[in-house]
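Student: Can we go through this one together? I'd like to start with what the words mean.

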Amino acid sequence: MTATRTLLLSCCTVLALAACKRTEPAAPAASAEAKPAIQPVPTTPTAAADDNLNAVLWVQRSAEYKALSEQTYRAAADHLDAALKEKHWDALVPDERGNATTGLKPAVILDVDETVLDNSPYQARLIADHAQYDEVTWDQWVAEKKAKAVPGVVEFAKAANAKGVTLLYISNRAVHLKEATLANLRQAGLPVADDSVFLGLGTNVPGCEQNGTEKNCRRKLAGQQYRVLMQFGDQLGDFTQVIANTEDGRQQLLDKYDDWFGERWWMLAGPTYGSWEPALFNNDWEQPVDARRAAKRAALDLAR
């Protein structure tokens with residue numbers, strides 16, 4: 001993640017990008033992974049890009065980030081055999097499971113950005129250039145195919161693949177980035193069964209109308225062919241549809257599926273961007289940078 005990704009990148013975590021290619025209108029119920037429109041380049045030290053400095057450095061330089069990611073994937077690997085043996089085990093919510101799982105091949109669903117591929121160098125460039133996410137520079141970064149694997153994911157993916165589990169990559173990278181993304185995944189050491197395992201933003205799902213960058217239609221499509229054992233992401237929208245991207249709406253979603261995390265769902269850290277950010281300013285990316293920053297500062301808990 002997404003990205004899908006707070007200066008927000010996409011995605012298409014942590015960093016972001018699980019959700020990476022998005023410009024959505026303002027609304028309390030806006031798509032959970034909406035991306036900002038292109039904004040004027042900031043020039044002051046307090047610019048929004050610089051707000052991301054510590055988050056990006058944490059991803060790139062801290063041992064703690066690596067430990068957390070490896071810990072997540074190792075724990076998931078320890079649950080994989082139990083998920084395979086339990087024939088009713090399913091990581092899709094009931095609303096997204098439209099068919100019986102009997103006889104279906106096992107699979108896991110992974111978001112791409114900040115979940116499988118680390119796009120922190122792109123975020124670092126934004127900081128260095130006092131810039132913000134835009135689709136042109138993002139597409140250029142994807143075309144470079146330089147993203148490295150998130151710590152721990154290659155080992156998990158190879159272990160799952162060896163057990164006959166298909167890896168499905170549901171990403172908010174646009175479908176025109178498919179070839180570059182698949183090449184990057186293979187280059188990073190991830191198993192890629194064939195081109196069909198990448199379900200990018202813009203994938204046509206007959207009979208299902210996609211809401212912005214939400215992934216529910218693509219998860220339904222995956223569920224038609226596979227029994228989904230686990231899902232991995234860095235944003236809530238990587239696991240189920242976020243109807244209202246507000247603090248309350250997101251908390252209610254977490255409360256509802258809290259016991260799924262650590263068994264069926266596995267969350268990666270995504271401090272550099274994500275749908276949590278626009279939830280703090282009413283999903284209104286048309287606001288000036290200073291207004292969005294003011295809303296985020298107002299959300300700080302000062303315990304006084």
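Predicted model: local features only at pLDDT ≥ 70, side-chain atom pairs only at ≥ 80, totals over all residues.

Student: OK, so is A128 buried or exposed?

Tutor: A128 has 56% relative accessibility, so it counts as exposed.

Student: Where is A128 in the chain?

Tutor: In helix α4, which covers residues 120-128.

Student: What about the surface? Which residues form the negative patch?

Tutor: D255, D258, D259 and E263 form it. Take D258: it lies in the loop between α9 (247-257) and β7 (265-267). D258 counts as partly exposed because its relative accessibility is 47%.

Student: New topic. What is the phi of N282?

Tutor: Near 60 degrees, a positive value, and N282 is not a glycine. Most residues other than glycine have a negative phi.

Student: And the phi of N283?

Tutor: N283 has a positive phi too, about 55 degrees, and is not a glycine either.

Student: Where do I find them?

Tutor: N282 is in the loop between β7 and α10 (289-298). N283 lies in the loop between β7 and α10 as well.

Student: How accessible is N282, and how accessible is N283?

Tutor: N282 is at 43%, so it counts as partly exposed. N283 is at 1%, so it counts as buried.

Key
Residues numbered from 1 in each chain as written. Heavy atoms only, no water. Helix = DSSP H or I, 4+ residues; strand = E, 2+ residues; numbered from the N terminus. Buried < 20%, exposed > 50% of the residue type's maximum accessible area, 1.4 Å probe, protein only. Patch = residues over 30% accessible without salt bridge, like charges linked within 9 Å, V, L, I, M, F, W, Y side chains within 5 Å. Areas by Shrake-Rupley, 256 points an atom, 1.4 Å probe, with all protein chains shown as cover. Salt bridge = Lys/Arg side-chain N within 4 Å of Asp/Glu carboxyl O. Lys, Arg positive; Asp, Glu negative; His and termini not counted. Charge placed at Lys NZ, Arg CZ, Asp CG, Glu CD.
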